[in-house]
Amino acid sequence: MISEHGIYTREREEELIKAKWVGGIYKNIWIDQFRKMSGLAYAEADLVTSLYEHARQLQIELGCPAEKTMVTPNGIDTKRMEDLPQKTQEDKKYINIGAVLRVTPIKDVKTMIQAFGYAKERQPKLKLWIMGPVDEDPAYAQECFDLVETLHIRDIVFTGRIDVRDYIGRMDVTILTSVSEGQPLTILESYAAHRPVIATDVGNCSGLIFGEDDCFGPAGILTHIMNMDEISQAMLELAGDANKRKRMGENGYRRLMYKYRIEHMQAAYADIYKAFAANAGLNVDVRTCKTNGEEWGKGSVPWLE
């Protein structure tokens, strides 16, 4: 069994395209080598899982037989996110936007900072909380600190590493401006807190915001990557409409409870592992996936039932 929480070949390709240590035709040679490794893994696997439908389609495009593929979405512990601390008196002076992330280039924190700066000029009550470790790429983190100073942007807080439960209930909106993602747990955590999301159109962010198989409605605003104007406008739109924030936050919470609880994920994998244990060596024919009678994505193993 292979479980891909990102698409391995695509991620290596992105890294190699950006890499400075390899150039010219050698980039193509390395990319081709990783494609071969991925293809071999797909060929030998009995079952290949992914987090969402578009990722499954990418696996098929990269040579994985469709009958081997299966969608098993992420899930979070919603009970752990109950009874969260809410806004302090100081927090109530602001419209708080929270970004739970590692301060690294792939999260594109610089675009977030600049977009916030533009929005702050038009809505002084905005406050941005950048919550997460800054030691993974110290040079990039320092560039972000310097950018805030250079642009003289007020009300940006870098908290460092945190327990998300201590902060997310104090936010009005959460934001993710990544250039690459899978199925971000931070969005699901935001939904657990009944908070809407601003996110770039990468990975499964669109599916999480708009839904793939439900009618709950949008749970936030989707933007293009590195588009400061769209991101800034999204901040202002949600800052200016408390009713929309509440409505979108509830849509997200319903979507989370419908499909992305940890119990769903555990049940799906438990059935898979039990089936493998009982049917060692069998090839997998993935058609319809059912866990406790509920359909899960495009496929499962017939002998799961």
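Which residues in helix 8 meet which residues in helix 9? I began there. This is a predicted model, where local features need pLDDT of at least 70, side-chain atom pairs count only at pLDDT 80 or more, and totals for chains, interfaces and linings use all residues. Residues are numbered from 1 along each chain as its sequence is written, and side-chain values use heavy atoms, without hydrogens and water.

**Entry: helices 8 and 9**

I found Glu 237, Leu 238 and Ala 239 of helix 8 meeting Lys 244, Arg 245 and Met 248 of helix 9. Contact means heavy atoms within 4.5 Å. By class, I noted three nonpolar, no polar and three charged residues here. Ala, Val, Leu, Ile, Met, Phe, Trp, Tyr, Cys and Pro count as nonpolar, Asp, Glu, Lys and Arg as charged, and the others, Gly among them, as polar.

I then looked up the axes of helix 8 (residues 228-239) and helix 9 (residues 242-259), which come within 6 Å and cross at roughly 100°. Axes are lines fitted to C-alpha atoms, for helices over the stretch in contact, with angles from 0 to 180 degrees between N-to-C directions. The two helices are therefore roughly perpendicular (65 to 115 degrees). Helices (H or I, at least four residues) and strands (E, at least two) are DSSP runs, numbered from the N terminus.

**Entry: Gln 59**

I located Gln 59 in helix 3 (residues 53-61). Gln 59 counts as buried because its relative accessibility is 0%; buried means under 20% relative accessible area with a 1.4 Å probe, protein chains only. Beyond neighbours within four places in sequence, its contacts include Glu 4, Tyr 42 and Cys 64.

Note on methods. Buried < 20%, exposed > 50% of the residue type's maximum accessible area, 1.4 Å probe, protein only. Parallel < 35°, antiparallel > 145°, perpendicular 65-115°, else oblique.
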